[in-house]
Amino acid sequence: MATLPPFPGTSGRRDWRTAFDAIRKLLANGDDTTQVFRIMRALNVGNSPINYARLIATTQGGRLACEQTELAERLSDSAFVAGFAPGTVGAAYREFLETTGYSADGLVQVSQVISEDQVAHPYAWFGRRVRDTHDIWHVLTGYKADESLGEACLVAFSYAQVGGLGWAFIGGAAAFKSLSVTRNTLFARAVWEGYRNGRRARWISGEDYLALLAEPIDAARARLGIVTPVAYLKAQRELGAELASYLSTRRETAVEPSLAS
């Protein structure tokens, strides 16, 4: 694999002061998504060149890098999202958007804190690509996006997939705090499973997402090696919806009637 130069203008140093300030705020309010991106910027130093080099070393990576499709633009096009046949990844993503109220534009807005992602550079494009496919990963893995447990598991899965110390920092902190909040290891075990499942799966960031969205979802999961998250489903079931979302400040209002987030 090629070794590429660092992101222009970066120091190569991790900003631990910012990372600890952001994780403190995130653990106090798991709905404050801006803190996630602050942590990414502070700790994922040198991660972009590694992943971009990995992408262009794949069979279709050179083409994807040349095209530089901005996935947020495509995924924000309601006509584009509406066009996927039932049973496909795209149809599942469409249902995800409808049931959660989330949007690709929403992720773009909260990520503005990472100024490097906004520049015209191949590394920045790859960073946007990871950001814009986060909710597609939720759909593929089965980890719920509107609960702390599902997000923590996907964070661990993401660390296994693309590296970046920020992912590990968030997942580890959420799992560690869960030990005192839930008074058992169910949450932490599910997060660890997320990491292991991410290690076993194919490298999803190398996929042509426009083609992937049109693929039957069960076939896509099998091809990518994405397995059923057994420990996650057990934790979700046994903890109940409120403890599964212990980081969310919205959980008090969500408890009635559904305990959903």
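A cavity is here a set of grid points where a 1.4 Å probe fits but cannot get out. In this predicted model, a search of the whole structure returns one such cavity of 30 Å³ or more. Rolling a probe the size of a water molecule over the atoms shows where empty space is left.

The largest cavity holds about 40 Å³ of space. Its lining consists of Val-130, His-134, Trp-137, Ser-158, Val-162 and Trp-167. Helices α10 (134–141) and α11 each contribute at least two residues to this lining.

Helix α11 comprises 15 residues, 148–162. At 1.5 Å a residue, α11 should span 21 Å, and the prediction agrees with this because its end C-alpha atoms are 21 Å apart. The helix is mostly covered, with 13 of its 15 residues buried. Just after α11, Gly-163 adopts a positive phi of about 70 degrees.

Asn-47 belongs to helix α3, which covers residues 47–56. With a relative accessibility of 13%, Asn-47 falls below the 20% limit and therefore counts as buried. Its side chain reaches the backbone oxygen of Val-162 at 2.9 Å. A polar contact of 3.1 Å also joins the side chain of Asn-47 to that of Asn-51. When neighbours within four places in sequence are left aside, Asn-47 is in contact with Val-162, Gly-163 and Gly-164.

Two or more lining residues come from each of α7 (89–100), α10 and α15 (217–224). Among these elements, α7 gives the most to the lining, with five residues. Helix α10 accordingly contributes to the lining of the second largest pocket and to that of the largest cavity.

Cysteines were considered separately. With a disulfide taken as a pair of cysteine sulfur atoms within 2.5 Å, the count comes to zero. Cys-153 has a relative accessibility of 0% and so counts as buried. Cys-66, by contrast, counts as exposed because its relative accessibility is 72%, and the limit for exposure is over 50%.

Technical notes
Residues are numbered from 1 along each chain as its sequence is written. This is a predicted model: local features need pLDDT of at least 70, side-chain atom pairs count only at pLDDT 80 or more; totals for chains, interfaces and linings use all residues. Side-chain values use heavy atoms; hydrogens and water are left out. Buried means under 20% relative accessible area, exposed over 50%, partly exposed in between (1.4 Å probe, protein chains only). Helices (H or I, at least four residues) and strands (E, at least two) are DSSP runs, numbered from the N terminus. A polar contact is a pair of N or O atoms within 3.5 Å; within protein, one must be able to donate a hydrogen and the other to accept it, and residues adjacent in sequence count only if both atoms are side-chain atoms. Contact means heavy atoms within 4.5 Å. The expected span of a helix is 1.5 Å times one less than its number of residues. On a 1 Å grid over the protein atoms alone, a cavity is a set of points where a 1.4 Å probe fits but cannot get out, and a pocket is an open set with protein on both sides within 12 Å along at least five of seven lines; lining residues have an atom within 4 Å of a point. Grid points are joined across faces, edges and corners, and a volume is the space filled by probe spheres set on the points.
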